[in-house]
Amino acid sequence: LQVALFAIDIQNLKQLLYLLNTRWKNLQIPEDSKRILALVFFNRILLVDPNMFQEFVHFVPHLSKSEIRSLPLTLDKEEVMAVVNQISGKLSDDQKTAFVQWILASGSYSSVSAWPLMFLTHVSNLLAYLPFESFQLLSRTQILTALDMLLANKLTTVQERFLSHTILKGDKTIGTSDFERLGRLICSASSQDLKPYKQNLKMFVIIKEQLLNCIGD
């Protein structure tokens, strides 16, 4: 199959890709064949015409880590993340990490602290896969913007401690609604970080309830 596909000219290969996308729900393609198709489409189409990435949605889960990292850096990052968000549940942790590495390799997106909040919402389900040296550059505002998606991922103890400390530290305290959103992060907070909130009865109740939940878990 691979040899036959590589022999097809690019225009006909694009036609095949369009056809597969149109009929995808009714097709029963073996997993090994999907991997071959992904390999051929990646090398013959995507590397030549990055604008085709949106047509690649069904084959992204079949890309290797090295292929993801070698995606053209000229690709629109928000467009790529829109596709990744659609199929996030089908991607392995290694693939998600590879997408993060690809983003960081781009000059204009190499500094996490400079990511616009709009872009942050597009990439929020991949933030947990940032290397910690990049993860710890997230600002309080960035964290609060992406907090719900961050908590939807499995975070390390170090990541949770960083998040709780970054949100709770400082002179400016957060409101009750944001405090409630912290959920299990309260259990990772230090007593010093929680001290300013213990004077607020409603927040103190939230602290006690969350600590009990953590003990129960």
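Q: Leaving aside its neighbours within four places in sequence, which residues is Met203 in contact with?
A: In this predicted model, Met203 touches Ile174, Gly175, Thr176, Phe179 and Tyr197. Take Phe179: it sits 24 residues from Met203 in sequence, yet their C-alpha atoms are 7.3 Å apart in space.

Q: Why is Met203 called buried?
A: Check the number against the cut-off. Buried means under 20% relative accessible area, and Met203 has 5%, so it counts as buried. You'll find Met203 in helix 13, which covers residues 201-216.

Q: Why is helix 9 called oblique to helix 10?
A: Start with the angle: the axes of helix 9 (residues 140-151) and helix 10 (residues 157-168) cross at roughly 135 degrees and come within 10 Å. Roughly perpendicular stops at 115 and roughly antiparallel needs over 145, so helix 9 ends up oblique to helix 10. The crossing of these two helices is left-handed.

Q: What makes the contact of helix 9 with helix 10, by class?
A: Eight nonpolar residues, one polar and one charged. Helix 9 brings Arg140, Ile143, Leu144, Leu147 and Leu150, while helix 10 brings Phe162, Leu163, Thr166, Ile167 and Leu168.

Q: How do you know that Asp49 forms a salt bridge with Lys14?
A: The closest N and O atoms of that pair are 3.3 Å apart, and the rule asks for within 4 Å, so the pair passes. Asp49 is in the loop between helix 3 and helix 4, and Lys14 is in helix 2, so this bridge ties together parts that are 35 residues apart in sequence. A search of the whole structure finds six salt bridges.

Q: Is Glu67 buried or exposed, and how do you know?
A: Glu67 has a relative accessible area of 7%, and buried means under 20%, so Glu67 is buried.

Key
Residues numbered from 1 in each chain as written. Predicted model: local features only at pLDDT ≥ 70, side-chain atom pairs only at ≥ 80, totals over all residues. Heavy atoms only, no water. Helix = DSSP H or I, 4+ residues; strand = E, 2+ residues; numbered from the N terminus. Buried < 20%, exposed > 50% of the residue type's maximum accessible area, 1.4 Å probe, protein only. Contact = heavy atoms within 4.5 Å. Axes fitted to C-alpha atoms, helices over the stretch in contact; angles between N-to-C directions. Parallel < 35°, antiparallel > 145°, perpendicular 65-115°, else oblique. Left-handed = near helix turned anticlockwise from the far one by under 90°. Nonpolar A, V, L, I, M, F, W, Y, C, P; charged D, E, K, R; others polar. Salt bridge = Lys/Arg side-chain N within 4 Å of Asp/Glu carboxyl O.
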